[in-house]
Amino acid sequence: MAKAYWIARIDVHNMDGYKEYVAQNGAVFAKYGAKFLVRGGKFEAKEGSSRSRNVVLEFKDYETALACYNSPEYTHLVKVRSPHAASDLVIIEGYDGPQP
């Protein structure tokens, strides 16, 4: 079964307010078995638009990735984060088929 990923791009415009979201999200992600693959870090945008922060979370499967996002706990965290940051988030199923 293919893993799934959250791919998020974020512009934080109030770091003090955003810190509450960061402080609380670990418990929610742990509940759903999420693993950070990217959490900030250096990057270079080569094509298209970008935001100042990038995050990639790995989940065991697509259903779990969706369940985490739709959970009451994460719904609350979106409300905590939203006044302090603009973000784009894609939830995507990984590929586990043959490689070229």
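This is a predicted model: local features need pLDDT of at least 70, side-chain atom pairs count only at pLDDT 80 or more; totals for chains, interfaces and linings use all residues.
## Salt bridges

Side chains of opposite charge can pair when their charged atoms come close. Across the whole structure, a search finds seven salt bridges, and a network of such bridges links R9, D11, R51 and D88.

Within helix α1, which spans residues 15-31, K19 and D16 are three residues apart and therefore separated by about one helical turn. These two residues form a salt bridge in which the closest N and O atoms are 3.9 Å apart, a distance that falls within the 4 Å cut-off for a salt bridge. K19 counts as partly exposed because its relative accessibility is 47%, whereas D16, at 61%, counts as exposed.

K31 forms a salt bridge with E73, with the closest N and O atoms 2.6 Å apart. This pair links distant parts of the chain, since K31 belongs to helix α1 and E73 to helix α3 (residues 72-81), and the two residues are 42 residues apart. K31 has a relative accessibility of 54% and so counts as exposed, while E73 is partly exposed, with a relative accessible area of 31%.

The side chains of K46 and E44 also meet in a salt bridge, at 2.6 Å from N to O. K46 counts as exposed because its relative accessibility is 66%, and E44 is likewise exposed, with a relative accessible area of 59%.

## D61, a buried acidic residue

D61 lies in the loop between strand β3 (53-59) and helix α2 (62-70). This residue is buried yet has no salt bridge, and the nearest side chain of opposite charge, that of K60, is 4.8 Å away. That distance is not within 4 Å, the cut-off for a salt bridge, which is why D61 and K60 are not counted as a bridged pair.

The side chain of D61 does, however, reach the backbone nitrogen of E63 at 3.4 Å. When residues up to four places away in sequence are left out of the count, D61 touches M1, A2, K3 and A4.

I7, V90 and I92 make a nonpolar surface patch of about 230 Å². Of these residues, V90 is placed in strand β4, which covers residues 85-93, and V90 counts as partly exposed because its relative accessibility is 46%.

Methods. Residues are numbered from 1 along each chain as its sequence is written. Side-chain values use heavy atoms; hydrogens and water are left out. Patches are made of residues with over 30% relative accessible area and no salt bridge: like charges are joined within 9 Å, nonpolar side chains (Val, Leu, Ile, Met, Phe, Trp, Tyr) within 5 Å. Accessible areas come from the Shrake-Rupley method with a 1.4 Å probe; for residues, only the protein chains shown count as cover. Helices (H or I, at least four residues) and strands (E, at least two) are DSSP runs, numbered from the N terminus. Buried means under 20% relative accessible area, exposed over 50%, partly exposed in between (1.4 Å probe, protein chains only). Lys and Arg count as positive and Asp and Glu as negative; His and the chain ends are not counted. A polar contact is a pair of N or O atoms within 3.5 Å; within protein, one must be able to donate a hydrogen and the other to accept it, and residues adjacent in sequence count only if both atoms are side-chain atoms. Contact means heavy atoms within 4.5 Å.
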